[in-house]
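Here are my notes for your review.

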Amino acid sequence: MPEVVLQQPVAAGLQSFVALDFGTRRTGMAYGSRLLGQARPLPTIAARETERRLQLVQAQLDTWQPQALVVGIPLHPDGAAHENTHLARKFARTLRTRFKLPVFEVDERYSTTEAVSGGARDPDAGAACIILDQFLRSLA
């Protein structure tokens, strides 16, 4: 996995996080905290429409009450952006605006591949766990 490079510092007061592995059809989710130090999978959202996807994200945020969000940003192996990179960044901006929470973007190259090779029953939620675990390790 690539090293996490954050565009903004993570305040020490931010303790709990929900990570999202954005997809145009399915969005994996995971919850974790600094205290636990690892992510746990949440139900994957299966929604193509943006508004429906955001409603389902809201339901999970209401349940888990995170202090910040982490969004996986897909890139080509060489680090170059592609169409899904732009869609994931747009999704991150939408989350920031809609939910008024800090949103951290993390390079998520190979997260789904790693989740599948690790035997994840739900590769999307597994990828979100990998993204969040990587993020939490970067805070140590």
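1. Arg-89 is partly exposed, at a relative accessible area of 29%. This is a predicted model.

2. The partner of Arg-89 is Glu-105. The two form a salt bridge, with the closest N and O atoms 3.3 Å apart. The pair links distant parts of the chain: Arg-89 sits in helix α2, Glu-105 in strand β5 (residues 103-107), 16 residues apart. Glu-105 is buried, with a relative accessible area of 14%. The cut-off for buried is under 20%.

3. How many salt bridges does a search of the whole structure find? The search returns five. Side chains of opposite charge can pair when their charged atoms come close.

4. Helix α2 supplies another partner. Arg-98 and Glu-51 meet through their side chains in a salt bridge, at 2.8 Å from N to O. Arg-98 belongs to helix α2 and Glu-51 to helix α1, so this pair ties together parts that are 47 residues apart in sequence. Both ends are partly exposed: Arg-98 has a relative accessible area of 37%, and Glu-51 has a relative accessibility of 41%.

5. Buried or exposed? Asp-107 is buried, and Arg-109 is buried too.

6. One group goes beyond a simple pair. Arg-26, Asp-122 and Asp-124 are linked in a network of salt bridges.

7. Helix α1 covers residues 50-64, which makes 15 residues. From first C-alpha to last, α1 reaches 21 Å. That is close to the 21 Å expected at 1.5 Å a residue.

8. Which residues of α1 are buried? They are Arg-53, Leu-54, Val-57, Gln-60 and Leu-61. Viewed down the axis of α1, these buried residues fall within an arc of 120°, so they line one face of the helix.

9. What do the buried residues of α1 pack against? Four strands are on the list: β1 (16-21), β2 (26-33), β3 (39-46) and β4 (68-73). Helix α2 (83-99) is there too.

10. Last, check the end of α1. Gln-65 follows the helix, and the phi of Gln-65 is positive, near 50°.

Notes. Residues numbered from 1 in each chain as written. Predicted model: local features only at pLDDT ≥ 70, side-chain atom pairs only at ≥ 80, totals over all residues. Heavy atoms only, no water. Helix = DSSP H or I, 4+ residues; strand = E, 2+ residues; numbered from the N terminus. Expected span 1.5 Å × (residues − 1). Buried < 20%, exposed > 50% of the residue type's maximum accessible area, 1.4 Å probe, protein only. Arc of directions from axis to C-beta. Contact = heavy atoms within 4.5 Å. Salt bridge = Lys/Arg side-chain N within 4 Å of Asp/Glu carboxyl O.
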